[in-house]
Amino acid sequence: MSVEQAYQALYSLALLVISILIAIMIYRSIKGPQITDRILSVNMINTMVVVAFLILGALLDEAYLTDVAIIYALISFVSTLIFASVYIRKKGDR
């Protein structure tokens, strides 16, 4: 087994583990007992998607996937801020 094949196996295993973790977080975002659990699980999903983009970029040796991951991270950050501000507004109404 060459070093390249070992890296491909490692990247594939990492993508498999991340996809399983994303599935668990999707379940938590649907089933979460509170809105904060849902917000945190969506934020974790977004973070794991960014990591999956970076691993996929390394696996396929495509540099543009790093740019896609950076843009997705920025959009994810803004969406988390919006979710948190909506939650704070609703919590303040009580």
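Leaving aside its neighbours within four places in sequence, which residues is I18 in contact with?

Guide: A word on the basis comes first. This is a predicted model, in which local features need pLDDT of at least 70 and side-chain atom pairs count only at pLDDT 80 or more, while totals for chains, interfaces and linings use all residues. Residues are numbered from 1 along each chain as its sequence is written, and side-chain values use heavy atoms, with hydrogens and water left out.

Beyond its neighbours within four places in sequence, I18 is in contact with M48, V51, A52 and I55; contact here means heavy atoms within 4.5 Å. I18 also belongs to the largest nonpolar core, whose eight residues are I18, I22, M25, I45, M48, V49, A52 and I55. Such a core is a set of buried Ala, Val, Leu, Ile, Met, Phe, Trp, Tyr and Cys residues joined through side-chain atoms within 4.5 Å. Buried denotes under 20% relative accessible area, exposed over 50%, and partly exposed the range in between, with a 1.4 Å probe and protein chains only. Helices α1 (3-31) and α2 each supply at least two residues of the core, and α2 provides the largest share, five residues. The helices are DSSP runs (H or I, at least four residues; strands are E, at least two), numbered from the N terminus. As a general matter, nonpolar side chains tend to be buried together in soluble globular proteins.

L15, also placed in helix α1, counts as partly exposed because its relative accessibility is 21%. Apart from residues up to four places away in sequence, L15 touches A52, I55, L56 and L59. By contrast, L74 lies 59 residues from L15 in sequence and 22 Å from it in space, C-alpha to C-alpha.

Elsewhere, L13, L16, V17, I20, L21 and I24 make a nonpolar surface patch of about 520 Å². Patches consist of residues with over 30% relative accessible area and no salt bridge, like charges being joined within 9 Å and nonpolar side chains (Val, Leu, Ile, Met, Phe, Trp, Tyr) within 5 Å. Areas come from the Shrake-Rupley method with a 1.4 Å probe, and for residues only the protein chains shown count as cover. A salt bridge is a side-chain nitrogen of Lys or Arg within 4 Å of a carboxyl oxygen of Asp or Glu. L13, one of the patch residues, is found in helix α1.

S29 is placed in helix α1 as well and is buried, at 17% relative accessible area. Its side chain reaches the backbone oxygen of I26 at 2.8 Å.

The next part concerns α2 and α3. N46, in helix α2 (residues 35-60), is buried at 11% relative accessibility; S76, in helix α3 (residues 64-93), is buried at 8%. A polar contact of 3.3 Å joins their side chains, the term meaning a pair of N or O atoms within 3.5 Å; within protein, one must be able to donate a hydrogen and the other to accept it, and residues adjacent in sequence count only if both atoms are side-chain atoms. Beyond four places in sequence, N46 is in contact with Y72, S76 and S79, whereas S76 touches N43 and N46.
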